[in-house]
Number of protein chains: 2
Amino acid sequence: MGDLGQALDLARTVPDFPEPGILFWDLTPVLADAPAMAAVVDGFRRVSGAGPELVAAIEARGFLFGAAYAATHGLGVVPVRKAGKLPVVGHRVEYRLEYGTATLEVPGAVIQPGQRVLVIDDVLATGGTAAAACALVEHAGGIVAAVCVVLEIAALNGRARLRGRPVHALRTL
Amino acid sequence: MGDLGQALDLARTVPDFPEPGILFWDLTPVLADAPAMAAVVDGFRRVSGAGPELVAAIEARGFLFGAAYAATHGLGVVPVRKAGKLPVVGHRVEYRLEYGTATLEVPGAVIQPGQRVLVIDDVLATGGTAAAACALVEHAGGIVAAVCVVLEIAALNGRARLRGRPVHALRTL
């Protein structure tokens with residue numbers, strides 16, 4: 001736990017990014033520090049429960065944490081991508097943002113029906129993106145084993161949009 | 001070698017993506033297959049030479065391969081990102097595309113002077129992006145230990161833009 005605490009203390013905040021009024025949590029110092037990344041990956045393992053068989057990593061920062069977890073634990077990784085990036089789209093979900101909508105996609109023919117899939121992202125904020133990723137996994141026939149994030153901003157109540165799926169944050173702010 | 005060959009055979013081609021005339025190499029079936037990813041990561045280790053100390057992973061597909069390599073080999077990972085994504089920009093490079101220009105950035109204060117950095121991406125095509133990533137590592141004081149990619153499209157001669165840096169592709173097309 002000490003190691004994980006130290007790892008997360010490397011995160012730095014940047015006010016007014018990407019727009020005024022937003023406090024951005026920059027995890028690049030965590031990513032660049034090998035012991036910190038090992039602690040994060042181990043932290044995910046301890047909370048993720050029994051037997052995920054595949055990782056779904058959310059673009060783009062979730063790719064880094066999701067692929068690190070997957071490689072360490074001998075799992076494959078499926079990228080959950082923004083619209084238009086995947087050449088072979090299996091499923092697509094449009095979801096609401098504060099202003100407007102966004103679209104996420106998963107590739108076709110890579111999630112197997114019944115597979116237990118761990119959804120990984122860097123930060124859980126309003127939960128819209130994570131909920132869309134879960135919906136995509138489920139549309140493809142997978143089972144969301146859990147949603148794991150490094151940081152959770154509790155005031156935004158993202159868990160409310162993820163009901164029915166176990167949600168684990170390594171640190172709640 | 002057999003394992004790596006089998007792993008790379010999972011790649012699939014998609015004609016006319018993202019635009020007419022482009023043959024896109026889709027590596028999502030490789031990413032989703034745990035033994036294939038293990039073979040790719042081991043393939044990078046065999047060619048990457050002595051002692052990289054950090055991985056620079058190029059947005060976005062390079063994040064997946066770069067973070068997988070870094071986590072497996074106990075290294076940290078630095079994301080090389082498109083313009084406007086990083087809240088703390090250390091260095092920025094603008095480079096030419098076939099039409100127009102693009103910009104890549106690395107975060108501030110995460111690459112240490114003298115660090116040996118392995119640059120990882122999925123595909124080497126014209127080499128413009130990889131060359132920009134190398135320039136960023138060098139501007140930050142790092143040393144490019146090597147550039148590793150899963151696939152290289154030899155006809156586009158990306159190596160010509162990477163002179164002076166060792167370049168390794170797991171498969172050349």
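A residue is termed buried when its relative accessible area is under 20%. That cut-off will be needed during this tour of a predicted model.

**Stop 1: Arg165(B)**

Select Arg165(B), which is found in the loop between strand S8 (143-152) and strand S9 (167-172) of chain B. Its relative accessibility is 17%, and Arg165(B) therefore counts as buried. Next, display the side chain of Glu138(B): a polar contact of 2.8 Å links it to the side chain of Arg165(B).

**Stop 2: Gly127(B)**

Move to Gly127(B), in the loop between strand S7 (116-124) and helix H5 (128-139) of chain B. Gly127(B) has a relative accessibility of 6% and so counts as buried. Beyond its neighbours within four places in sequence, Gly127(B) is in contact with Gly158(B), Arg161(B) and Leu162(B).

**Stop 3: the nonpolar core**

Now select Val40, Phe44 and Phe65 in chain A and in chain B; these are the residues with the most contacts inside the largest nonpolar core, a set of 65 residues. Centre the view on Val40(B). Which residues is Val40(B) in contact with, leaving aside its neighbours within four places in sequence? They are Leu4(B), Leu8(B), Val30(B), Phe65(B), Val150(B) and Leu170(B). Of these, Phe65(B) is itself among the residues with the most contacts inside the core.

**Stop 4: between the chains**

Finally, colour by chain and select the residues where the chains meet: 37 residues of chain A are in contact with 37 residues of chain B. The two chains bury about 2700 Å² between them, with 70% of that area on carbon and sulfur atoms. A search for salt bridges between chain A and chain B returns zero, whereas six residue pairs, both members at pLDDT 80 or more, are in polar contact.

On the chain A side, highlight strand S1 (12-15), strand S2 (23-26), helix H2 (28-31), helix H4 (61-72) and strand S4 (76-82), the elements that each give two or more residues to the side touching chain B. H4(A) gives the most, with seven residues. Colouring this side of chain A by residue class shows 24 nonpolar, six polar and seven charged residues.

Notes:
Residues are numbered from 1 along each chain as its sequence is written. Chains are lettered from A and ligands numbered from 1 in the order in which they are written. Side-chain values use heavy atoms; hydrogens and water are left out. A nonpolar core is a set of buried Ala, Val, Leu, Ile, Met, Phe, Trp, Tyr and Cys residues joined through side-chain atoms within 4.5 Å. Buried means under 20% relative accessible area, exposed over 50%, partly exposed in between (1.4 Å probe, protein chains only). Contact means heavy atoms within 4.5 Å. Buried area is the accessible area (1.4 Å probe) that two parts lose on being put together, summed over both. A salt bridge is a side-chain nitrogen of Lys or Arg within 4 Å of a carboxyl oxygen of Asp or Glu. A polar contact is a pair of N or O atoms within 3.5 Å; within protein, one must be able to donate a hydrogen and the other to accept it, and residues adjacent in sequence count only if both atoms are side-chain atoms. Helices (H or I, at least four residues) and strands (E, at least two) are DSSP runs, numbered from the N terminus. Ala, Val, Leu, Ile, Met, Phe, Trp, Tyr, Cys and Pro count as nonpolar, Asp, Glu, Lys and Arg as charged, and the others, Gly among them, as polar.
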